Amino acid sequence: MVPMLDLKKQMEGLRDEMLREVAAVIESGQYVLGKKVLQFEQKAAEYIGARHAIGVASGTDALHLSLKALGIGPGDEVITTPFTFFSTVEAIMYLNATPVLADIETETFNIDPAKIEEKITPRTKALIPVHIFGCPARMDEILRIAGKYNLKVVEDCAQSFGAALGGKKTGSIGDAGCFSFYPSKNLGAYGDGGLVCVNDDSVAAEIRLLRNHGSSGGYMHSTVGFNSRLDEIQAAILLVKMGKIDSYNEKRRQKAALYNKKLLCGAGSSGIMCPPLGEGGSSSFTHVFHQYTIRHPRRDAVREKLRSEQVSSMIYYPVPMHLQPALKFMGHKEGDFPAAEAACREVVSLPIYPELEDQVIERICNAIKSV
Ligand SMILES: Cc1ncc(COP(=O)(O)O)c(C=O)c1O
């Protein structure tokens, strides 16, 4: 079966260095908030282009702690997208704040800035654009709206490590950039991990406190925090992989370009909608293809055909946030966010990873075209 992602293959190219680095941490006797985490934070801040990078236990915690450090609390409204992984909304709920949704753009699956403004009320305090599948959201427009209404902007970069917009990396554009290192992410650990990037010194200091029980040491606690630390082994693993991230992402982009070409996207007759590649350069964006996701009017038939040819596929995401059982209290119904609902009906994500062979992509495309 062709998998969605092949982490064993990735490990083949890293084995010696990875085992050496992990062994060195085990030998060091220091496992939490030590040298490797510090080194990874410095390298990540430099790479993303932020003053501070703070390692935390997961992408969900990155969102939770940055919203809290930015002052979001009970009764505040936070606007985000209905087409995301659940934890974007969970992080808002952890603070007893109110999630408010704005529909997405058809082409990029990202929040539509034109739909944000009508959702703003006097209680709105923040926006969470999600760079879904690795494609940057329209941050220029989002920052303009945030400036007009004095809102904080927290970027959900769980799927966009290395993606850029107008020459800036995602995660360096808003007030906070939140990354996940869940193993399947473009930059993935061998367990859970996350990172917050911020430029403001006092917000960074607050997040450092919050991740470690509100303490900067000495069993003195200046606030009530959490246990949300990145561990030394994961930091060592991430340092090894970060050295390769640009090449991994470039290969993902090449695979995506090949898919787009072979699927005859844009030819008008295929009925398939392919994702935009971005152009590179300072005024455009770089999509890093955490997922390669197409729309197809008969996506279930496509999946069936792929299954019969031993090819994996996935639906990211089958149900939008407003129709999730856990979010019933929001009082939404089908039809409230038509673009997100259409995406949930039509999307199918195909295998993509740096080591995926071009002949396999051609085989997948032929199978899809036969449908
Ligand atoms: C868009 C998005 N936000 C947040 C998260 C949460 O990250 P984590 O699983 O590291 O908590 C994920 C991934 O799982 C995600 O895809």
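Guide: We'll take the sheets and the ligand shell in turn. Keep in mind that this is a predicted model.

Visitor: Start with the sheet of 7 strands. What is the strand order?
Guide: The order is E1-E9-E8-E5-E4-E2-E3. The sheet is open, and its pairing is mixed.

Visitor: Which strands sit at the edges?
Guide: Strand E1 (52–56) and strand E3 (98–101). Each of them pairs on one side only.

Visitor: And how are neighbouring strands turned against each other?
Guide: By 25° on average, with direction ignored.

Visitor: Zoom in on E5 and E8. Parallel or antiparallel?
Guide: Parallel. E5 covers residues 152–156, E8 covers 176–180, and 3 bridges join them. Val-154 has Ala-176 in E8 as its bridge partner.

Visitor: Which strands does helix H4 lie across?
Guide: E1, E4 (124–128), E5, E8 and E9 (194–198). H4 spans residues 59–69 and runs at about 160° to E8.

Visitor: Switching to the ligand. How many residues surround it?
Guide: There are 15. The closest are Ser-58, Gly-59, Thr-60, Ala-158 and Ser-180.

Visitor: Which elements give two or more residues to that shell?
Guide: H4 and helix H5 (87–94).

Visitor: How many bridges join E6 to E7?
Guide: 2, and E6 is residues 164–165. Ala-164 stands opposite Lys-169 in E7.

Methods
Residues are numbered from 1 along each chain as its sequence is written. This is a predicted model: local features need pLDDT of at least 70, side-chain atom pairs count only at pLDDT 80 or more; totals for chains, interfaces and linings use all residues. Two strands pair if DSSP finds at least two bridges between them. Helices (H or I, at least four residues) and strands (E, at least two) are DSSP runs, numbered from the N terminus. Axes are lines fitted to C-alpha atoms, for helices over the stretch in contact, and angles run from 0 to 180 degrees between N-to-C directions. Two residues are in contact if their C-beta atoms, placed from the backbone, lie within 7 Å. A residue is near a molecule or strand if its C-beta atom, placed from the backbone, lies within 6 Å of it.
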